[in-house]
Amino acid sequence: MDLSELERDNTGRCRLSSPVPAVCLKEPCVLGVDEAGRGPVLGPMVYAICYCPLSRLADLEALKVADSKTLTENERERLFAKMEEDGDFVGWALDVLSPNLISTSMLGRVKYNLNSLSHDTAAGLIQYALDQNVNVTQVFVDTVGMPETYQARLQQRFPGIEVTVKAKADSLFPVVSAASIFAKVARDKAVKNWQFVENLQDLDSDYGSGYPNDPKTKAWLRKHVDPVFGFPQFVRFSWSTAQAILEKEAEDVTWEDSEAEEDPERPGKITSYFSQGPQTCRPQAPHRYFQERGLEAASSL
């Protein structure tokens, strides 16, 4: 699995896919949808689809695919490689959603919660398979939220396809199990090879499981929070665990247009972090925050 596109830019969304098997353009196909990394505070969330002809579903089952959470890393890698070898009848596609995309969506002026993002991503991947002329006739999806509501929504969007949404579909339907393996393998690789664009001092790569209740993950977050700019883009800053650390470790800000009177006990002003007089030397490079937004130092305010 080539994640070089994600490694070049891990700030948004990245879609990867296999070639479409020729047989999937002709014969009726079954398609499964699942995700990996919905809950962690670190790293991306990955949605995946896997599809194959109904006539070859028994061959997929013969691989003994299972819910990726029940498999070891070596077992997932082995099954992934085997399904890649069977590319004459097995196809897949996935969307990698960066932590930055997830958090900015959730905290935007128009709220876009994780369930809606998940539903739309799954529907987008199904539509992608159809756009590639895969002859999809059946879809099985591991639910997010109420399965009845989710199924009705997908059925309305894809009226010509038989849609089934179930809890724990990754352990009930082999094609969903296969999708879960593709998603999990991709997420593990993305996390392991994450390209930190921030200039972090003494970067610690041992951040535990990445889940919010992991003490090692919490310690990593506390170590790598900047008092002004917050967390690296590896962190989902919309998660309550990250927000709690920000409130405790980062600086509060009083904006210049605040109507409140000056109070020595109040938080410092954001301008206190910038030079107040002529600079005799310039820093080697501005922070990435300014580079991304095309901002330059002003000589006067």
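Reply: Happy to. Let us begin with Arg-8, which lies in helix H1 (residues 4-8); helices (H or I, at least four residues) and strands (E, at least two) are DSSP runs, numbered from the N terminus. The model is a predicted one, where local features need pLDDT of at least 70, side-chain atom pairs count only at pLDDT 80 or more, and totals for chains, interfaces and linings use all residues. Residues are numbered from 1 along each chain as its sequence is written, and side-chain values use heavy atoms, with hydrogens and water left out.

Me: Why is Arg-8 called exposed?

Reply: Buried means under 20% relative accessible area, exposed over 50%, and partly exposed in between (1.4 Å probe, protein chains only). Arg-8 has 64% relative accessibility, so Arg-8 counts as exposed.

Me: What makes Val-96 buried?

Reply: Its relative accessible area is 1%, so Val-96 is buried. Val-96 sits in strand S4 (residues 91-97).

Me: Which residues is Val-96 in contact with, leaving aside its neighbours within four places in sequence?

Reply: Contact means heavy atoms within 4.5 Å. For Val-96, the partners are Leu-6, Gly-12, Arg-13, Cys-14, Pro-44, Met-45 and Val-46. The C-alpha atoms of Val-96 and Ala-183 are separated by 8.7 Å, although these residues are 87 apart along the chain.

Me: How do you know whether Ser-68 is buried or exposed?

Reply: Ser-68 has 6% relative accessibility, so Ser-68 counts as buried. Its place is the loop between helix H2 (57-62) and helix H3 (73-85). Beyond neighbours within four places in sequence, Ser-68 is in contact with Arg-76, Ser-180, Ile-181 and Lys-184.

Me: What makes H3 and H8 roughly perpendicular?

Reply: Two packed helices are described by the angle between their axes and the distance between the axes. Axes are lines fitted to C-alpha atoms, for helices over the stretch in contact, and angles run from 0 to 180 degrees between N-to-C directions. Angles under 35 degrees count as roughly parallel, over 145 as roughly antiparallel, 65 to 115 as roughly perpendicular and the rest as oblique. The axes of H3 and helix H8 (residues 174-192) cross at roughly 115° and come within 10 Å. H3 and H8 are therefore roughly perpendicular to each other.

Me: Which residues of H3 and H8 make the contact?

Reply: H3 brings Arg-76, Glu-77, Leu-79, Phe-80 and Met-83, while H8 brings Ala-178, Ile-181, Phe-182, Lys-184, Val-185, Asp-188 and Lys-189. They divide into 7 nonpolar, no polar and 5 charged residues. In this sorting, Ala, Val, Leu, Ile, Met, Phe, Trp, Tyr, Cys and Pro count as nonpolar, Asp, Glu, Lys and Arg as charged, and the others, Gly among them, as polar.

Me: Why is H9 called oblique to H10?

Reply: Helix H9 (residues 215-223) and helix H10 (residues 240-249) have axes that cross at roughly 40° and come within 10 Å. That angle makes H9 oblique to H10. Here Lys-218, Leu-221 and Arg-222 in H9 meet Thr-241, Ile-245 and Glu-249 in H10. By class, this contact has 2 nonpolar, 1 polar and 3 charged residues.

Me: What makes a set of residues a nonpolar core?

Reply: A nonpolar core is a set of buried Ala, Val, Leu, Ile, Met, Phe, Trp, Tyr and Cys residues joined through side-chain atoms within 4.5 Å. The largest one here has 45 residues, and Leu-31, Val-33, Val-139 and Leu-154 have the most contacts inside it. Its largest share, 8 residues, comes from helix H5 (residues 114-131). Another core, of 35 residues, lies apart from it, with Val-46, Ala-48, Leu-71 and Leu-79 among its members.

Me: Which residues does Leu-154 contact, leaving aside its neighbours within four places in sequence?

Reply: They are Ala-123, Ile-126, Val-141, Val-163 and Val-165.

Me: And how many helices and strands does the chain have?

Reply: The chain has 11 helices and 6 strands. Of its 301 residues, 43% are buried.
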